[in-house]
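Student: I am new to this structure. Can you show me how to read it?

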Amino acid sequence: MSRTEAPPLPEPLRVPVADSHTHLDMQDATVEEALARAAAVNVTTVVQVGCDVAGSRWAAETAAAHPAVHASVALHPNEAPRIVHGDPDGTARQEAREPGGKAALEEALAEIDALAALDHVRGVGETGLDFFRTGPEGIAAQEESFRAHIEIAKRHGKALVIHDRDAHADVLRVLLDAGAPERTVFHCYSGDAEMAEVCARAGYFMSFAGNVTFKNAQPLRDALAVAPMELVLVETDAPFLTPAPYRGRPNAPYLIPVTLRAMAEVKGVDEDTLAAAIYDNTARAFDF
C-alpha cells in the first residue's frame, strides 16, 4: 500500500456533516471530484480556507461557484513575516520572496479586507500565531497581522478562524486584549483540557482534526471530552493530518467520518447525535 495512495471511502454517515476547514487547492482531486466524494459519505458542506492573498482569492471564487463551499480568507501567521522580512530560500510550497516591509503587509491586509466583505466569504482566517516555524524576528509581524484580522472579522461580522501552534497563551492574550469577534473558531484545536475549559467559558468553537485519532494524542482527546458539545466542530485540514489508520496518506473531506466516529467514542455519544450537533455548530459558527 503506497503512502501516496488515497485511503478508501469510509462507510457513509447517516446524518450530514460539514468539514469546517479544508484546503481543496492543495489536494490532487478537482473541486468537483472532492465534493462528489465528500457528498457520497454525507459530508455535504466544506469551508475552504485561504492562507495568502492568491489562495484567499481562489477560496472566494470557488465558494461563489459551488453552493457546498464556503470561504475563509486570510494571511496565514507564517505568511506575515514572509511578506515583511522576505524569504530568500522559499519553501516546498512557496517561492522565495524579497522583503516588502510593513507597506507590503498593509497592502495584503487591504486585499483580505476587500475579500472579507463578499457574501460567500463566511470567515476570516486562518490567522493567529505560530511559534513553531517563525523565529523571534517574525513574531511582531505575526501579532500585527493577527490583530488586523480580528478587526476585519469584526468589521464584516465574519467568523474568526484561528491557527494556534505552540502559542496558546499568546493567542488567548491577544483575543482578550483586542476583543474576540462574536464567533471565533480554534481550527485544528491543539490545546489541553484546561485550555478547552478557558475556550468554553469564552464561547470559542473548537474544531478537531484527524490528529485526535493519533496514538500520542491523549491530551487532545481529554480536551475533546471536556469541550461542550455545542462548541465542537470537525475538520480535515486536508491534505494534512489524515486520521488513523491512514496517517501519512493524503487527506480529503471524504475522510471526515473516520475522525467523527473516533470523536463520538471520546464523547460517549452515537455518531448520528454528534454529526447533527456538529453540522448545527458549523452552520452557527460560519453563519450559513
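Predicted model: local features only at pLDDT ≥ 70, side-chain atom pairs only at ≥ 80, totals over all residues.

Tutor: Residues are numbered from 1 along each chain as its sequence is written, and side-chain values use heavy atoms, with hydrogens and water left out.

Student: In what order do the eight strands form the open sheet?

Tutor: Strands (E, at least two residues) and helices (H or I, at least four) are DSSP runs, numbered from the N terminus. Two strands pair if DSSP finds at least two bridges between them. Here the order is β1-β2-β3-β4-β5-β6-β7-β8, with parallel pairing. β1 (17–22) and β8 (232–234) are at the edges with a single partner strand each, so one side of each lacks a neighbour in the sheet.

Student: Why is strand β4 largely enclosed?

Tutor: Buried means under 20% relative accessible area, exposed over 50%, partly exposed in between (1.4 Å probe, protein chains only). In β4 (residues 121–130), 10 of the 10 residues are buried, so the rest of the structure largely encloses this strand.

Student: Which residues have the most contacts inside the largest nonpolar core?

Tutor: A nonpolar core is a set of buried Ala, Val, Leu, Ile, Met, Phe, Trp, Tyr and Cys residues joined through side-chain atoms within 4.5 Å. The largest has 81 residues, and V17, F146, L175, F186, Y189 and M263 have the most contacts inside it. Helix α4 (residues 101–116) gives this core its largest share, six residues.
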